[in-house]
Amino acid sequence: MRPTARQRKRRARRLTLRLAGAAVGASSALVAAELLVVARRRGPRGAAEALREGYRAGTANETALMNLFLAFVATFGAARTVTALIRAEVGPLRNVHVGSRHIHHFVPGIGLSLLSGGASIALRHEGLDHWLALPFGAGAALVLDEAALLVELEDVYWSEEGVLGVQAGLATVALLASLALAVRMVRRGERAQDA
C-alpha cells in the first residue's frame with residue numbers, strides 16, 4: 001500500500017529534523033571540542049588569538065576544509081533567508097529574470113563551483129586553495145539548496161518535494177562538520193603518538 005501524502009510529509013519532516021539534529025550536533029561537537037581544548041590551555045581570553053594563530057598555522061587542507069565549511073553554512077543560510085524574504089515580498093530583493101525565464105540560484109552556484117574547482121585543479125597552488133574553497137563552498141550550497149528542483153525538474157522549492165534541498169544541505173553540513181572533527185582527532189592522535 002502506498003503511503004498517503006500526509007504520511008510522506010510526516011516522514012520527510014522527521015528525516016529533516018534528524019538531519020538538522022545531525023548537522024547541529026556535529027557542528028556543535030566540533031566547536032565545543034575545540035573551545036574546551038583552548039580554554040584548558042589558554043583560558044577564555046586567549047581563545048580568539050589561538051583561533052587566529054591556529055588558522056594561520058593549519059595545513060592547506062585544513063584551512064581549505066574550514067573555509068569550504070564556513071562558506072557552505074553561511075551561503076546555505078543566506079539563500080534560505082533571501083528566498084523566504086523574496087517569497088514574502090519583504091525588502092528590495094526580487095527574483096532574477098532573463099527575458100521570461102526565471103534564473104534559480106543553482107545557476108550561479110554551478111558557475112561558482114565549476115570555476116573555483118577548475119581553478120584549483122588547473123593552478124595546483126596550495127596557497128590559493130584555501131581562498132578557492134570559499135566560492136566552491138558557496139556554489140555548492142546554492143546548488144544543493146535547490147536539489148529538489150534539479151531532481152524534479154520543476155519549481156518545487158516551497159512544496160513537499162522541495163524539502164529535499166533542505167535535507168541535502170543539512171546532510172552536507174553534518175558531513176563536513178564530522179569530517180572536520182575527524183581530521184582534528186587524527187591530527188591530535190598523530191601528535192600524541194609522536195610525543
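**Buried sites and surface patches in a predicted model**

Histidine 104 is buried, at a relative accessible area of 14%. Here, buried means under 20% relative accessible area, exposed means over 50%, and partly exposed lies in between (1.4 Å probe, protein chains only). The model is predicted, so local features need pLDDT of at least 70 and side-chain atom pairs count only at pLDDT 80 or more, whereas totals for chains, interfaces and linings use all residues. Residues are numbered from 1 along each chain as its sequence is written, and side-chain values use heavy atoms, with hydrogens and water left out.

The protein comes to 7 helices and 2 strands. Helices (H or I, at least four residues) and strands (E, at least two) are DSSP runs, numbered from the N terminus. From that end the elements run α-α-α-β-β-α-α-α-α. Of the 195 residues, 32% count as buried.

Histidine 104 sits in the loop between strand E2 (101-103) and helix H4 (106-123). Its side chain makes a polar contact with the side chain of glutamate 146, at 3.3 Å. A polar contact is a pair of N or O atoms within 3.5 Å; within protein, one must be able to donate a hydrogen and the other to accept it, and residues adjacent in sequence count only if both atoms are side-chain atoms.

Alanine 79 belongs to helix H3 (residues 60-87). Alanine 79 and aspartate 145 are 66 residues apart in sequence, yet 7.6 Å apart in space, C-alpha to C-alpha.

Two surface patches are described next. Patches are made of residues with over 30% relative accessible area and no salt bridge; like charges are joined within 9 Å, and nonpolar side chains (Val, Leu, Ile, Met, Phe, Trp, Tyr) within 5 Å. A salt bridge is a side-chain nitrogen of Lys or Arg within 4 Å of a carboxyl oxygen of Asp or Glu.

The nonpolar patch is formed by Leu123, Leu128, Trp131 and Leu134, with about 380 Å² of accessible area together. Such areas come from the Shrake-Rupley method with a 1.4 Å probe; for residues, only the protein chains shown count as cover. Helix H5 (residues 126-145) gives the largest share of this patch, 3 residues. Leucine 128 lies in helix H5 and is partly exposed at 36% relative accessibility.

The positive patch consists of Arg6, Lys9, Arg10, Arg11, Arg13, Arg14 and Arg18. Lys and Arg count as positive and Asp and Glu as negative; His and the chain ends are not counted. Each charge is placed at NZ of Lys, CZ of Arg, CG of Asp or CD of Glu. Lysine 9 is in helix H1 (residues 5-42) and is partly exposed, at 44% relative accessible area.
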